[in-house]
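Here is a short briefing on charged side chains that pair up. Look at the model first, then read the points below.

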Amino acid sequence: MFTAILKRFQNKWRSYRHRFVPWVVFNLSRNEKTLRQVTESSKDKLIPDEQVSQSLLRLFRILLRSHGGLQAAQVRFLPRISSEQEQYGGYPVCGDDAMLQSLGFCIDRKPSSLPFAGTGVFVTKGFVPKGAAVALYPGTVYQPYEPILLQSIRNPFVFRCIDGVLIDGNDKGISKMVFKSCSGRDRMGPFLMSDTSWLTDSPQNPLAVGQYVNNCSNERSANVCYQEYDVPERFPIELRQYLPNVNYSHDTHRPLRCVVIVSLRDISAGEELFSNYYTIVC
């Protein structure tokens, strides 16, 4: 009986460790090529925020047009569709088609190529150029002073930003309930301020699978990295329904924090995404 329990624990650990920060840091420190060094927190960006915004806006506008139940109050905000969109019929378009049309590639969750690593994220179609926004890390955003103890228990999906902000990307249990509650709280009339579909097997926003990107290792080098992105105030209200993040507190006096996963090199279809961690150097 003890042997069976020990074996079960070992199997759980082999999967969990690829997202367990102390284990990752210890192992990455043995190979500095898996670390990305930045001189200060404000210089962690590989691509400008404006480029991230434009990528998201292209995708979100196509998604909005694609929904059959689109409200007239939301449609009138949209610019006229381009000739490129018209060749796809304007609508309806599924998430993968919208991603391929607007960004030139598709990603999806599949069993990881790493032994015992559980689920990973792969490029399934198209081609990802260097410096592209490949995925988003979804979840509830906690400021450094906000409580997250209960949500963090047995939770390998808590991401820590450079400034101490935490993002809980767990799509199950109490984390799921907290996100849905905060999302419903922030709704403004007909407009949703965040996307809860990432909590299901079929997210409306196909980028919202970043929490399943496994960390690189000495054997598998990183092809993507994390980059913090604060959503600008001018981000269209009718497109915020596709943002897979929500603030834990309603009265947070700062822009909504998102984490974008950016490609470090060209990535072809069939490749799995592997991320690295940044470390601050003086």
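Arg254 is partly exposed, at 31% relative accessibility (buried means under 20% relative accessible area, exposed over 50%, partly exposed in between, with a 1.4 Å probe and protein chains only). Its side chain meets that of Asp163 in a salt bridge, 3.2 Å from N to O (a side-chain nitrogen of Lys or Arg within 4 Å of a carboxyl oxygen of Asp or Glu). This is a predicted model: local features need pLDDT of at least 70, side-chain atom pairs count only at pLDDT 80 or more, and totals for chains, interfaces and linings use all residues. Residues are numbered from 1 along each chain as its sequence is written, and side-chain values use heavy atoms, leaving out hydrogens and water.

**Arg234 and Glu50**
- A salt bridge joins the side chains of Arg234 and Glu50, at 2.9 Å from N to O.
- These two residues are 184 residues apart, with Glu50 in helix 3 (residues 49-66) and Arg234 in the loop between strand 9 (224-230) and strand 10 (245-247).
- Helices (H or I, at least four residues) and strands (E, at least two) are DSSP runs, numbered from the N terminus.
- Arg234 is exposed, with a relative accessible area of 63%.
- Glu50 is partly exposed, at 38% relative accessibility.

**Arg265 and Glu271**
- Glu271 and Arg265 form a salt bridge, and their closest N and O atoms are 2.8 Å apart.
- Glu271 is partly exposed at 24% relative accessibility, and Arg265 is partly exposed at 33%.

**Network and total**
- Shared partners join Asp163, Glu228, Asp230, Arg254 and Arg257 into one network of salt bridges.
- The count comes to 9 salt bridges.
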